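My notes follow in the order I looked things up.

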Amino acid sequence: MPIRNIAVGRPEDAYHPDALKAGLAEFISTLIFVFAGEGSGMAFNKLTDDGATTPAGLVAAALAHAFGLFVAVSVAANISGGHVNPAVTFGAFVGGNISLLRGILYWIAQLLGSTVACLLLKFVTNGQTTSAFALSSGVGVWNAFVFEIVMTFGLVYTVYATAVDPKRGSVGTIAPIAIGFIVGANILAGGAFDGASMNPAVSFGPALVSWSWENHWVYWAGPLVGGGLAGLVYEFFFINNSGHEPLPGGEYA
């Protein structure tokens with residue numbers, strides 16, 4: 001059972017040099033991802049004079065996030081596992097693949113990476129607004145909540161299938177691009193409704209820098225529920241405590 005593998009961890013999970021290197025890798029990768037993803041949206045707003053989102057703008061956002069995440073996961077994979085997302089870290093935790101202390105370290109690094117990326121964007125664009133995620137007209141909070149659960153479930157399930165499962169074999173080589181593709185596809189599906197976050201860190205940075213918190217809980221609760229469910233489902237039904245390997249960089253998990 002996955003629940004038996006859940007562990008608080010040892011103190012060195014948070015301060016061992018390898019743990020700190022993993023945290024730094026998460027910080028840098030999240031910064032890279034958010035800078036590209038949020039920056040693409042800011043570029044669209046500049047080109048359209050803050051006009052309404054168009055189908056072309058949605059496609060551009062999907063491509064920017066897919067490409068950015070592909071790179072961000074790739075460059076951190078061998079150091080931290082390339083989570084780049086608190087929901088992925090939470091899914092790994094409930095599946096028994098990372099300790100609580102290491103997970104908290106990752107969360108801090110991811111949130112800092114997103115915040116620094118947004119501060120840099122605000123500076124380099126000469127004060128342009130870092131738009132926080134928001135619900136579209138006619139979309140209720142519970143609609144968005146379920147949307148985020150389903151989209152994040154698909155994302156974390158993909159992470160498990162391509163990067164965590166010890167039976168992944170050669171499919172592991174395509175993990176970063178598969179993870180990027182599912183995020184891009186989900187943005188095409190959900191972007192017009194709630195922005196399709198799937199990542200609390202991606203939502204947190206813009207909200208903090210623009211100080212806009214309306215319905216922000218949706219972008220935490222939905223992804224964490226979806227990520228946690230995906231971790232439990234994949235671990236229980238497809239790995240099932242069969243001597244699986246921890247995520248890369250998880251020596252102390």
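**Entry 1: a loop residue.** I started with Met198, which sits in the loop between helix 7 and helix 8. For helices I went by DSSP runs of H or I with at least four residues, for strands by E runs of at least two, numbered from the N terminus. Phi of Met198 is near 65°, a positive value in a residue other than glycine. I looked up its accessibility too, and at 1% relative accessibility Met198 counts as buried. My cut-offs are under 20% relative accessible area for buried, over 50% for exposed and partly exposed in between, with a 1.4 Å probe and protein chains only.

**Entry 2: ground rules.** I'm reading a predicted model, where local features need pLDDT of at least 70 and side-chain atom pairs count only at pLDDT 80 or more, while totals for chains, interfaces and linings use all residues. Residues are numbered from 1 along each chain as its sequence is written, and side-chain values use heavy atoms, with hydrogens and water left out.

**Entry 3: another positive phi.** Asn126 is not a glycine either, yet has a positive phi of about 60°. I found Asn126 in the loop between helix 5 and helix 6. Buried or exposed? At 75% relative accessibility, Asn126 counts as exposed.

**Entry 4: the whole chain.** I counted nine helices and zero strands. Along the sequence that reads α-α-α-α-α-α-α-α-α. The C-alpha atoms fill a box of roughly 55 × 35 × 35 Å along the principal axes. Buried residues make up 49% of the 253. Of the contacts (heavy atoms within 4.5 Å) between residues at least 6 apart in sequence, 83% join residues at least 24 apart.

**Entry 5: helix 2 on helix 3.** Two packed helices are described by the angle between their axes and the distance between the axes. My axes are lines fitted to C-alpha atoms, for helices over the stretch in contact, and angles run from 0 to 180 degrees between N-to-C directions. Helix 2 (residues 17–47) and helix 3 (residues 55–76) pack at about 165°, axes 9 Å apart. That makes the two roughly antiparallel; the cut-offs are under 35 degrees for roughly parallel, over 145 for roughly antiparallel, 65 to 115 for roughly perpendicular and oblique for the rest. The contact residues include Phe33 and Phe44 of helix 2, and His65 and Leu69 of helix 3. By class I get 10 nonpolar, six polar and one charged. Here Ala, Val, Leu, Ile, Met, Phe, Trp, Tyr, Cys and Pro count as nonpolar, Asp, Glu, Lys and Arg as charged, and the others, Gly among them, as polar.

**Entry 6: helix 2 on helix 5.** I then checked helix 2 against helix 5, where the axes come within 7 Å and cross at roughly 35°. This contact has 18 nonpolar, six polar and three charged residues.

**Entry 7: helix 6 on helix 7.** The axes of helix 6 and helix 7 (residues 175–194) come within 9 Å and cross at roughly 170°. So helix 6 runs roughly antiparallel to helix 7. Among the residues that meet are Phe147 and Met151 in helix 6, with Ile182 and Phe193 in helix 7. The classes here are 13 nonpolar, five polar and two charged.

**Entry 8: helix 4.** How many residues of helix 4 (residues 86–94) are buried? I get eight of its nine. They include Pro86, Val88 and Phe93. The buried residues of helix 4 pack against helix 5 (100–124), helix 6 (141–164), helix 8 (200–210) and helix 9.

**Entry 9: two single residues.** Tyr219 lies in helix 9 (residues 218–239) and is buried, at a relative accessible area of 1%. Leaving out residues up to four places away in sequence, Tyr219 touches Phe133, Glu148, Asp194 and Pro200, among others. Ser74 of helix 3 is partly exposed at 32% relative accessibility.
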